[in-house]
Structure formats: structure tokens, C-alpha cells
Amino acid sequence: MATARLHLVSWNVAGWKTTLDELARTTRDAAPPPGRETQDRQARLGAWLDRLDADVLCLQEVKLTSKSVEDDARFHCASADGDKWETFWSCNDGRAEGQRAGLNGVATFCRRADFRVRRASAKPLGDPELDDEGRCLMTDHGAFVLFNAYVPNASGGRRLDFKLRWLAALRAAMARERAAGRKVVLAGDLNTVADPCDRHHFHRSVVASGLSEAADAVGDASHKAALARAAAAWPAVRAALAARTVAPDTTTKPSTGETFSKFRCRARHVESGAVVALPPYELSEEAARTWYEVDGVGIDAGALALGPAAADCDYLLRRPGALAAERLLDALDKLAGVKVPAEAFRAACASGALDP
């Protein structure tokens, strides 16, 4: 028997309700009549899937609870008018420690009879602590078993131990299916990069001591000058960051006036000596301190180690002298008044001189 062709689409939607709203708004000719909004969403999604010619659609970060999916199945297109597709969901219902209901969530839509789902599990990892965050869904399509995954972010190292346990459980679940003679497909948002160039240059870790080499490597004269100024300022900025403090701060949501208690790093300006608050706000003192740690960040048995102690950890997350690119640029700007234009920094990253 000939093998059916499969077109599988995977998409991190960062909120399925908002995505559906935008999909409907941008693909219709006119607003639907009152009372026909749900039918319009169904028609718009159906037309979009037809245009994609997608047999299976894997969504990540749907950001819905099981109750909202069940209560408003047609509105969320979890059930289809005319049975045009079937859907399967794994949601975060607030049972996971430290996770509010509605975070994460994955969903798999199947449209083609050749790939109808024979078996499905919203908890394929076999561990409530790992499954309850709503990050993995297994569907058996006959010809193959599909794992739709939204892998946890390491959160700067604070969740690395959880992420590694989660990935080990995913690997074991896939191995069980292969041991039963099944072909396995993994799709989704894996929250993993192989090389620095796989991340946007503002979000990768960089070694600030390479700024001088980067200045020599780039061709544009204005880029050279900007990077040379940054290289000259870095030793003083690094010393200021090493002496940083962390203090509580309060933020206010403009729409409601609700206030939130958070933390920010503070360090002294290298020339004026004035105390400067550095972004971003964080929920914990440790998280705020970690952003600007210039002497290494490691993790051992689930606990973060900052500074020289990081060298002895099981995992070295950031080597001494390295910072997240955004934080390096913030520190240079706020503590030394040195602004590095985006194009100059992009050229510096492309040169390889800032790679850890």
C-alpha cells in the first residue's frame, strides 16, 4: 500500500484565542453579522487550513485551560463544524507547582482521514510534575506516533534541572513507542539552540572582552568607533557590575492600578558615581542578581551558583566575562553612557569575536 503524503505544520502561537482573532480579522472581507462570530471563526480557520494544505497542525503556547476549551469548544475551534477536523489538547490547569492555570498548553489538529488519531495522551511523560504544565501531547496516527512538545525554558538556569528531567522523560516516552515498533515524529517548540548564531544577536550570550577584537574585525568606520568605545568602557563597567546590589521595587499596571513587588539590580555610574537602576524587573532577588553576574553562572543539583563557585558546578551556564547581549548593552549605556548602535552590534556578533 502506498504511503500517504503528510503535510505537518508546527506553530508557537503565544495565545490561541488572540491568534484566532487575528486570523479571522485579517482574512475576512467584512465583520460578521452579530451572533455569527463563532461561525465566522470556524470558516476563517477552515479556509486558512485549506490554503496551508495542512494535514496535521501542532500548536504550542495555546494558553487555555481545559475548562475554557471544553466550555467554548466551537469558539476556540476545538470542535469543528461538519467534523472538518479533530483536536486534542494538553493544558495547564494550575496543578503544577509555581504555575498559574492557562500557561503553556499544546494542541494538535488533524484534518485528513489517513491520519485519524487512534490513541492520544495529554500526559505522555508519566510524571505529574512534568505533565501538569501542559507541555506535551502524544497522538497515534497509525502510520506514526506524534509528540507535540513545548519544551520548558531554562529561565537563565533557574529551571535547567527541571528542563533536563523533562527532556529525559520525553526521550524515554519516545523510546517506548519505538520499542513497540512505532515510527515517531517530534514536532514543536524545543527551546533549544545548537550555536550562538541560532539566536537573535540581542538574546545570545556574548563575551564582552571580545569587543576590541570585534572593532578590529568590522569594516564600517562608524561601527569600529562605537565598538572601540564600548571596549574601552567595559573594564570599568565590569567592576561596577561586580559591586552591584539588588533592591526591591514596585511596578504598577496602568490599566488597573494594581501594584507588583519585584526586584532590580543597581550599580554605580562609572563617572558620576550615581546609583543607577538596571533592567529588567524580576520576581526574585536571585533572578535579578543573575542577569548581571560577570564572574560565571552555574547550576548544581538544581541550585544556582554565581561567581567563581560556578566553575565547580555540573553545568556552566555562563562563563566568566559573558553576559546576555541585551544586558551588556544596557550596562554600557546606563553605567558608562556608551550606546552601541544595533547595526554595529550585529556586525560584531557576525564577526564571531563575541562568541563564548
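# Reading a predicted fold, feature by feature

Q: What share of the 356 residues in the protein do buried residues make up?

A: Buried residues make up 45% of the 356 residues, where buried means under 20% relative accessible area, exposed means over 50%, and partly exposed lies in between, with a 1.4 Å probe and protein chains only. The model is predicted, so local features are given only at pLDDT of at least 70 and side-chain atom pairs only at pLDDT 80 or more, while totals for chains, interfaces and linings use all residues. Residues are numbered from 1 along each chain as its sequence is written, and side-chain values use heavy atoms, with hydrogens and water left out.

Q: How many helices and strands are there in the protein?

A: There are ten helices and 16 strands, taken as DSSP runs (H or I of at least four residues for helices, E of at least two for strands) and numbered from the N terminus. Along the principal axes, the C-alpha atoms fill a box of roughly 70 × 55 × 45 Å. The accessible surface comes to about 17500 Å², of which 51% belongs to carbon and sulfur atoms; such areas come from the Shrake-Rupley method with a 1.4 Å probe, and for residues only the protein chains shown count as cover.

Q: Which residues touch the most other members in the largest nonpolar core?

A: In soluble globular proteins, nonpolar side chains tend to be buried together. A nonpolar core is a set of buried Ala, Val, Leu, Ile, Met, Phe, Trp, Tyr and Cys residues joined through side-chain atoms within 4.5 Å. The largest one here has 38 residues, and Trp234, Leu241, Leu332, Leu335, Val340 and Phe345 are those that touch the most other members. Two or more residues come from each of helix 6 (211–217), helix 7 (221–242), strand 11 (259–268), strand 12 (275–282), helix 9 (325–336) and helix 10 (342–351), and helix 7 gives the largest share, eight residues. Apart from this core lies another, of 23 residues, among them Leu20, Leu64, Ala80 and Phe109.

Q: What is leucine 241 in contact with, leaving aside its neighbours within four places in sequence?

A: Contact means heavy atoms within 4.5 Å, and on that rule leucine 241, with its neighbours within four places set aside, touches Trp234, Leu278, Tyr292, Val294, Leu323, Ala331 and Leu335. For the protein, among contacts with a separation of 6 or more, 63% are between residues 24 or more positions apart.

Q: Is alanine 287 buried or exposed?

A: Alanine 287, which is found in helix 8 (residues 285–291), counts as buried because its relative accessibility is 3%. With neighbours within four places in sequence left aside, alanine 287 is in contact with Arg158 and Glu282.

Q: Which residues form a nonpolar patch on the surface?

A: Patches are made of residues with over 30% relative accessible area and no salt bridge, like charges being joined within 9 Å and nonpolar side chains (Val, Leu, Ile, Met, Phe, Trp, Tyr) within 5 Å. Here Leu164, Tyr315 and Leu317 form such a nonpolar patch, with about 240 Å² of accessible area together. Leucine 164 is found in helix 5 (residues 160–179) and counts as partly exposed because its relative accessibility is 31%.

Q: How many salt bridges does the count come to?

A: The count comes to 30 salt bridges, each a side-chain nitrogen of Lys or Arg within 4 Å of a carboxyl oxygen of Asp or Glu. One of them joins the side chains of aspartate 53 and arginine 5 (2.8 Å, N to O). Aspartate 53 lies in the loop between helix 2 (37–52) and strand 2 (56–60), and arginine 5 in the segment before strand 1 (8–12), so the pair ties together parts that are 48 residues apart in sequence. Arginine 238 and aspartate 295 also meet in a salt bridge (2.8 Å, N to O). Arginine 238 lies in helix 7 and aspartate 295 in the loop between helix 8 and strand 13, so this pair ties together parts that are 57 residues apart in sequence. Salt bridges that share partners also join Arg5, Asp53, Asp55, Arg112 and Asp114 into one network.

Q: How many bridges join strand 13 to strand 14?

A: Two strands pair if DSSP finds at least two bridges between them. Strand 13 (residues 297–300) and strand 14 (residues 303–306) run antiparallel and are joined by four bridges, and aspartate 300 has alanine 303, in strand 14, as its bridge partner. Two residues lie between the strands of this hairpin, where alanine 301 takes a positive phi near 55 degrees.
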